[in-house]
Amino acid sequence: MLVIVAPGQGAQTPGFLSPWLEIPEFRDRISAWSEIVELDLVAYGTTAGADEIRDTAVAQPLLVAAALASFETLGIRPDVVAGHSVGELAAAAIAGVLTPEQALALVRERGRAMAKAAAVTETGMTAVLGGAEEDVLAAISKHGLTPANMNGAGQIVAGGTLAQLEAFAAEPPEKARVRPLAVAGAFHTVHMAPAVDHLRTEAAALTPADPSVTLLSNSDGAAVSGGAEFLDRLVNQVASPVRWDACMATMAERGVTAMIELLPGGTLTGLARRALPGVKTVALKTPDNLDTAREVLQ
C-alpha cells in the first residue's frame, strides 16, 4: 500500500528545481502556475538565494507547485495521501478535493496572509530533538510556547515569540537538543489567527469535491471522506498544531508499506524511517529518483 506525502515549509533549498526544469512537461507546469501565484517560480527555484525563498509568501507557493509538478511527472496514483502543513494543499489537489489551479490560488493567499501575520510580532520556531515527550511538552508550556508540530520520531517543534524561544533555549528539556529553525514566524500557533480569517474568506468561494483516495488530515491524523470538511480543517490548520505523528500512526494502521515523498523530498521520509520501520521510502530530490520510486512499487 502506497502513501504519497508532500513536504512543508523549510524543505526548500536554493536551486532545487534546476534539474527538474530540464523535463519539458515539468517546466511547462511551473511556468503556467507562476501566473496563478503571481511569482516567477522558475527563477525562485533556480537562481534565488536562501533568504529569498525563506519568505513565506514565496516558499509556500513554490513548495506546492514543486510537489504537484513532481507528482504529475511521477505518474503514480497512491492509496493514501497526506501533506505536512502547507503540503496539505498539494495533498488536497492530488486527492481531487481541489484542482491544482485552485490549490495554487489558495496557497498564494495563504502565504501572503501568514507573512502579514508574522510581521505583527517577532516570532519563530525551534525544533526539539529527543527527550521524553511529557518533559518536552511541559517545558514548552512553561515558557508559554505552542507545540506547533508534533512530528513523531522524537521531534517536536515549538512556536512563539523570540523572547519566549530564547528563554526556552536557555532552559531546554532534560535529555533534549533544541535547534532554532530558519522560518519567518510562529506558524500553527495563535499568532497566525489573522491568516485563518483571510483564508476562510478565500475558501468560501470554492466548491471542493470529496477525495478520490484516502486523505489524511494534519489536525488529528484522521482519514477525511468529505471535501468540505477537509477544506475547513485545512483553513483552521494555519493556526493549529500539525499532528504528523498521528498521520504516521494512521499510515501504520492502514497497512502502508511504501512512501514516496514529493519534491523537495527528504524530511518526511527521514521521519518515516524512524517511526515506520519496514516501510520502503523514496524521496524525490532529483529526476533520477523517479525510476527508484517506480521500482519500489514493483
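1. In which helix does Pro61 lie? Pro61 belongs to helix α4, where helices are DSSP runs of H or I with at least four residues and strands are E runs of at least two, numbered from the N terminus. The model is predicted, so local features need pLDDT of at least 70 and side-chain atom pairs count only at pLDDT 80 or more, whereas totals for chains, interfaces and linings use all residues. Residues are numbered from 1 along each chain as its sequence is written, and side-chain values use heavy atoms, with hydrogens and water left out.

2. Pro61 is buried, at a relative accessible area of 0% (buried is under 20%, exposed over 50%, partly exposed in between; 1.4 Å probe, protein chains only). Leaving aside residues up to four places away in sequence, Pro61 touches Val37, Leu39, Leu41, Thr56, Leu104, Val107 and Arg108; contact means heavy atoms within 4.5 Å.

3. Ala90 is one of the buried residues of α5.

4. Helix α5 (residues 87-94) is mostly covered, with eight of its eight residues buried. These buried residues pack against β1 (2-6), α4 (56-74), β2 (80-83), α6 (100-118), β7 (214-215) and α10 (227-236). Gly96, which follows α5, has a positive phi near 85 degrees.

5. Asp135 lies in helix α7 (residues 133-142). Why does Asp135 count as partly exposed? Asp135 is placed in that class because its relative accessibility is 36%.
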